[in-house]
Amino acid sequence: MRILHILDHSLPIHSGYTFRTRAILKAQQARGWAVMGVTGSRHAVERPGGPDAEMFDGLQFHRASAISTAPSPLSEWQDIAALERKVDQLVAAWKPDILHAHSPVMTAVAAGRVARRHRLPLVYEIRAFWEDAAVGNGTGTEGSLRYRATRWLETRAVRRADAVAVICGGLRDDLVARGIAGDKILVSPNGVDLDLFGSPPPPDAALAAALGLTDAEVIGFIGSFYDYEGLDDLIAAMPALVAARPRAMLLLVGGGPMEAALAAQAAASPVADRIRFVGRVPHTEVEAYYGLVDILAYPRKGMRLTELVTPLKPLEAMAQRRLVAASNVGGHRELIADGVTGTLFPPDDPAALAAALAALLADRSGWDVRRATARAFVERDRNWSENISRYEPVYRRLASRGAGTGATA
């Protein structure tokens with residue numbers, strides 16, 4: 001079976017999106033399927049001057065490199081057209097059995113046009129609704145004309161796809177509420193590649209010393225610095241946490257749009273000397289930083305995006321046998337059983353966050369059991385080598401049916 005994946009961006013750019021993509025494609029390769037990826041304009045923006053085609057980690061990627069300079073929304077439609085042309089070329093040359101488009105919705109629009117032209121089945125996978133992601137990133141406003149237009153386009157793309165995959169129950173329930181048939185929707189949850197996160201290393205004493213973390217109680221965040229992640233609340237919680245736990249320190253690994261604002265907030269904090277920024281690190285070195293952390297904190301803000309969408313990073317932390325504390329939003333509740341595999345605290349509340357972390361640090365008696373339980377959950381329910389089997393019956397049904405139907409709900 002040949003599957004052409006139509007993507008927003010891919011490796012070698014590092015993000016939760018690209019790591020999920022890598023896991024899907026590598027697992028499909030391991031099943032003996034032929035896979036290929038093609039990326040849209042965002043990849044070209046984030047990696048200007050890159051090649052039109054490249055192999056990375058044993059995976060073949062092609063690039064639609066045209067970048068529109070027109071004003072929005074004309075620029076988005078020009079980028080869709082450029083991606084459509086590239087997908088059309090690859091379909092003619094490589095002759096895939098399935099087109100598998102991954103959100104945002106622009107990829108589904110481009111892939112859908114090609115699928116109908118060549119009578120190929122289309123799977124559309126939604127990792128977050130584009131309109132909600134824009135609100136979470138601070139580039140959109142809920143309920144605005146642009147928000148409503150994007151939501152309409154998303155729903156239309158779902159109706160026209162032959163099958164739909166979503167990463168969590170929250171997204172599935174939202175689509176069902178829009179009138180999409182439940183049996184058209186596959187839930188393919190975020191998972192962990194245990195070949196990458198299977199054997200957590202012991203703490204690196206030299207790295208800890210270099211960061212000033214020797215003998216500290218370390219709270220950590222490893223990921224992207226978006227506003228919806230709530231890292232401002234985590235920094236705001238540090239004075240109360242340090243007052244309760246004088247050895248507490250905060251380690252922030254990653255980067256993103258909020259990096260400068262967070263650094264300024266940390267510098268102005270009365271406990272600025274207890275906060276460390278590492279910046280982005282290569283994915284191959286991430287395990288060393290997990291090994292320094294006692295508790296991974298995920299203080300996502302309460303909003304539609306975080307209520308609907310499950311993140312990947314808490315699963316990686318569980319796989320690393322790290323303790324997890326997260327805000328009590330819907331996306332976290334799908335992953336974390338409070339008091340069993342992690343701790344949940346109220347969102348948007350630095351005082352509650354500080355109290356939850358202090359309580360965990362004060363009583364370590366149940367840590368080993370909790371870490372083992374969380375690791376077992378990942379191995380059993382969120383292991384990519386098992387999760388990938390969910391795609392197979394959908395692929396085979398669509399491939400045996402042959403042509404894409406331009407399906408509706």
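Asp57 sits in the loop between β3 and β4 of this predicted model. Its phi is near 55 degrees, a positive value in a residue other than glycine. Most residues other than glycine have a negative phi, and most peptide bonds are trans. With a relative accessibility of 36%, Asp57 counts as partly exposed, because that class covers values between 20% and 50%. The two strands on either side of Asp57 form a hairpin with two residues between them. β3 and β4 run antiparallel and are joined by four bridges. Within this pairing, Glu54 stands opposite Phe61 in β4.

On its other side, β4 meets another partner. Strand β2 (residues 34–39) and strand β4 (residues 59–63) run parallel and are joined by three bridges. Here Gly37 stands opposite Phe61, and Thr39 stands opposite Arg63. Strands of a sheet pair through backbone hydrogen bonds, either parallel or antiparallel. Four of the five residues of β4 are buried, so β4 is largely enclosed by the rest of the structure.

In the loop between β1 and α1 lies Pro12, and the peptide bond from Leu11 to Pro12 is cis, with omega near 10 degrees. Pro73 lies in the loop between β4 and α3. Lys95, in the loop between α3 and β5, has a positive phi near 55 degrees and is a residue other than glycine. Lys95 is exposed, with a relative accessible area of 57%.

Two packed helices are described by the angle between their axes and the distance between the axes. The axes of α3 (residues 74–94) and α4 (residues 105–118) come within 8 Å and cross at roughly 40 degrees. The two helices are therefore oblique to each other, and their crossing is right-handed. Residues of α3 in the contact include Trp77, Ile80, Leu83 and Val87, and those of α4 include Met106, Val109, Ala110 and Arg113.

A second open sheet has six strands in the order β11-β10-β9-β12-β13-β14, and its pairing is parallel. At its edges stand β11 (275–279) and β14, each with a single partner strand, so one side of each is left without a neighbour in the sheet. The twist averages 25 degrees from one strand to the next. Inside this sheet, β9 and strand β10 (residues 248–255) pair in the parallel sense over eight bridges. Ile222 stands opposite Val253 in β10. Helix α10 (residues 259–268) lies across β10 and β11, running at about 155 degrees to β11. Helix α15 also packs on the sheet, where it touches β9, β12, β13 and β14; its direction makes about 155 degrees with that of β14.

What is the length of α15? At 1.5 Å a residue, the 13 residues of α15 (residues 350–362) should span 18 Å, and the end C-alpha atoms are 18 Å apart, which agrees. Buried residues of α15 include Ala352, Leu353, Leu357 and Leu361. The elements that cover its buried residues include β9 (217–224), α9 (231–244), β12 (295–298), β13 (323–327), β14 (343–345) and α16 (367–381). The axes of α9 and α15 come within 8 Å and cross at roughly 50 degrees. These helices are therefore oblique to each other, in a right-handed crossing. Among the residues in contact are Leu234, Ala237 and Leu241 of α9 and Leu353, Leu357 and Leu361 of α15.

Methods. Residues are numbered from 1 along each chain as its sequence is written. This is a predicted model: local features need pLDDT of at least 70, side-chain atom pairs count only at pLDDT 80 or more; totals for chains, interfaces and linings use all residues. Side-chain values use heavy atoms; hydrogens and water are left out. Two strands pair if DSSP finds at least two bridges between them. The expected span of a helix is 1.5 Å times one less than its number of residues. Buried means under 20% relative accessible area, exposed over 50%, partly exposed in between (1.4 Å probe, protein chains only). Contact means heavy atoms within 4.5 Å. Axes are lines fitted to C-alpha atoms, for helices over the stretch in contact, and angles run from 0 to 180 degrees between N-to-C directions. Angles under 35 degrees count as roughly parallel, over 145 as roughly antiparallel, 65 to 115 as roughly perpendicular and the rest as oblique. A crossing is left-handed if the near helix is turned anticlockwise from the far one by less than a right angle, and right-handed if clockwise.
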